[in-house]
Amino acid sequence: MFEIAAAPTQGGGIVGLILPFVLMFVIFYFLLIRPQQKKQKTRNAMLGALKKGDKVVTIGGLHGTIMEITDDVVVLKVNDVTKLTFDRSSISHSVNTDSDA
């Protein structure tokens with residue numbers, strides 16, 4: 001009268017559990033990790049290529065021209081009399097103008 005149904009078995013076992021995590025890691029790598037590494041690499045190249053006379057913008061938005069530069073310190077000339085000292089890592093980007101080229 002009563003039939004005992006056999007419990008369905010999981011086909012794949014541990015592979016079925018690990019595969020979604022591997023797929024999520026691959027998606028995170030290509031969508032988040034790799035682009036961030038690429039952005040960091042271009043930023044480091046830009047900071048390494050800075051030289052005296054370049055026009056730059058700091059992270060705080062200050063525009064200036066590099067007067068002195070060392071491994072970790074940059075002195076910016078803001079106007080004719082004002083010189084400010086910043087960490088090299090506080091440079092946001094270099095400003096290129098067509099009149100300089």
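Author: In this predicted model, Phe30 counts as partly exposed because its relative accessibility is 48%; buried means under 20% relative accessible area, exposed over 50%, and partly exposed in between, with a 1.4 Å probe and protein chains only. Tyr29 is likewise partly exposed, at 29%. A search of the whole structure gives one aromatic pair. Tyr29 and Phe30 form this pair, with ring centres 5.2 Å apart and planes at 80°, so the arrangement is edge-to-face. For such a pair, the ring centres of Phe, Tyr or Trp (its six-membered ring) must lie within 6.5 Å; planes under 30 degrees apart are stacked, over 60 edge-to-face, and the rest tilted.

A word on conventions is needed here. Residues are numbered from 1 along each chain, and side-chain values use heavy atoms, without hydrogens or water. As the model is predicted, local features need pLDDT of at least 70 and side-chain atom pairs pLDDT 80 or more, while totals for chains, interfaces and linings use all residues.

The sheet comes next. Five strands, in the order β4-β3-β2-β1-β5, form an open sheet with antiparallel pairing. At its edges lie β4 (83-87) and β5 (91-95), each of which pairs on one side only. Neighbouring strands are turned by 45° against each other on average, direction ignored. Strands (E, at least two residues) and helices (H or I, at least four) are DSSP runs, and two strands pair if DSSP finds at least two bridges between them. Angles, which run from 0 to 180 degrees, are taken between lines fitted to C-alpha atoms.

Strand β1 (residues 55-58) has a partner on either side. With β2 (residues 63-69), β1 forms three antiparallel bridges, and Val56 stands opposite Gly64. The hairpin of β1 and β2 has four residues between its strands, and Gly61 in the turn has a positive phi of about 95°.

Leu84 belongs to strand β4 and is partly exposed, at 31% relative accessibility. Although 20 residues separate Leu84 from Gly64 in sequence, their C-alpha atoms are 9.0 Å apart. Beyond neighbours within four places in sequence, Leu84 is in contact (heavy atoms within 4.5 Å) with Leu62, Val74, Val75, Leu76 and Val78.

Finally, the core. The largest nonpolar core has eight residues: Met46, Leu47, Leu50, Val56, Ile66, Val74, Leu76 and Ile91. Two or more of them come from each of α1 (14-48) and β3 (73-77). Such a core joins buried Ala, Val, Leu, Ile, Met, Phe, Trp, Tyr and Cys residues through side-chain atoms within 4.5 Å. In soluble globular proteins, nonpolar side chains tend to be buried together.

Setting aside neighbours within four places, the contacts of Ile66 include Leu50, Val56, Val74 and Leu76, along with Lys51 and Asp54. Asp54 is itself buried, because its relative accessible area is 14%. Asp54 forms a salt bridge with Lys51, their closest N and O atoms being 3.2 Å apart. The count of salt bridges comes to one, where a side-chain nitrogen of Lys or Arg must lie within 4 Å of a carboxyl oxygen of Asp or Glu.
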